[in-house]
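Subject: Structure for you to look at

Hello,

Here is the structure I promised to pass on. Please open it and keep it beside you while you read my notes below.

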Amino acid sequence: MAWTKYQLFLAALMLSTGSLNTLSAKWADMFHAPGCGDVPDHTFSHPFVQAVCMFLGELSCLAVFYLLLCHDRRSPEPTMDPGQSFNLLLFLAPAMCDMTGTSIMYVALNMTSASSFQMLRGAVIIFTGLLSVAFLGRKLQPSQWVGILLTILGLVLVGLADFIGKDHDSSHKLSEVITGDLLIIMAQIIVAVQMVLEEKFVYKHNVHPLKAVGTEGLFGFLILSLLLIPMYFIPAGSFGQNPRQVLEDALDAFCQIGRQPLVLLALLGNTLSIAFFNFAGMSVTKEMSATTRMVLDSLRTVVIWAVSLALGWEVFHGLQVLGFLVLLLGTMLYNGLHRPLLARIPCCAHLAGSQEEAGSDAERERLVAES
């Protein structure tokens, strides 16, 4: 069935805002501006400030939720299910995981390319699959195990592309790229823990997705904003890529923003894009399907890659293409996108049916990861 204009709009909104989220964060990292006082021109390297902006975007999902709920209740026949009441502290542990994983990924984005950053985030299915078996008692289908193995292979290929590509790329040192790639993969372990916690303790309470994202954003924004204060005094050596070499210098970030307004534009793009991305993604799931949402999420990696190449932020590596294709195949197998093809083959139709339940679980995990 052909998509309606509204469905096309939602798909385009999800693809564009999802791509903009990573691209705007990387754009901010590339600016140079003077700091406070007589501090000379230096790179805008403030991952924790960027993470705070991202959580502000997630927090705005709460406002969107209540606006939609208010609009729905004014209609003659309300259709929106607000979900049941719940204890806000249920979201504290997942929010802490989200805060930690996001902060690590923004640190890593300073060290590697935007396309590698997006591709390596696919590692989340490896750890989610293993943790769901260990702590949720889930049984993975053979196709999901194959998907995990292919994902590992794809990660190796993308990592090799980064390693080999350093001969042609002077924007990052080789040690930075390797550290950044490893940090991204490490962050996916934390994201996987977050997904398992949400699966085990949160989603049995029938919480509306926008409310769930907004509540985690509330905790992340408040806690990380407070943590910026001690971070200002914690020495970090060369790891703290700011003039004072502390874990995070928020004052330096604000001074750089004041002296280079385009940094503020990049941060606003990051904040607004995550809000619209979550709204568009959940609307795509509702209006079309979770499978469509997964396909669009994979396509945004291509958009990020193409834009980065067009802007000269990185150079083309054939091995990265192969790595992405292997990662894409692994993701498709893990999330059950092969089932419709099997269903068309008479002798394999029973295999597609037997994997339906496992695929639904994988789709739910994937949607949490996108948020």
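**An exposed loop residue**

Ser85 is exposed, because its relative accessible area is 69% and the cut-off for exposed is over 50%. Keep in mind that this is a predicted model. Ser85 sits in the loop that links α2 (47-74) and α3 (92-109). Now look for Asn206. Along the chain, Ser85 and Asn206 are 121 residues apart.

**A nonpolar patch**

Which residues make the nonpolar patch of about 800 Å²? They are Leu149, Ile152, Val156, Leu160, Phe163, Ile164, Leu174, Ile178 and Leu182. Two or more of the patch residues come from each of α6 (142-165) and α7 (174-202). The most come from α6, which gives six residues.

Leu182 belongs to helix α7. Is Leu182 buried or exposed? Leu182 has 52% relative accessibility, so it counts as exposed.

Last, find helix α1 (residues 5-29) and helix α10 (residues 261-287). To describe two packed helices, we give the angle between their axes and the distance between the axes. The axes of α1 and α10 come within 7 Å. They cross at roughly 150°. The crossing of α1 and α10 is left-handed. The contact of α1 with α10 has 18 nonpolar residues, 10 polar ones and one charged residue.

Best wishes

Terms used: Residues numbered from 1 in each chain as written. Predicted model: local features only at pLDDT ≥ 70, side-chain atom pairs only at ≥ 80, totals over all residues. Heavy atoms only, no water. Axes fitted to C-alpha atoms, helices over the stretch in contact; angles between N-to-C directions. Helix = DSSP H or I, 4+ residues; strand = E, 2+ residues; numbered from the N terminus. Left-handed = near helix turned anticlockwise from the far one by under 90°. Nonpolar A, V, L, I, M, F, W, Y, C, P; charged D, E, K, R; others polar. Patch = residues over 30% accessible without salt bridge, like charges linked within 9 Å, V, L, I, M, F, W, Y side chains within 5 Å. Areas by Shrake-Rupley, 256 points an atom, 1.4 Å probe, with all protein chains shown as cover. Salt bridge = Lys/Arg side-chain N within 4 Å of Asp/Glu carboxyl O. Buried < 20%, exposed > 50% of the residue type's maximum accessible area, 1.4 Å probe, protein only.
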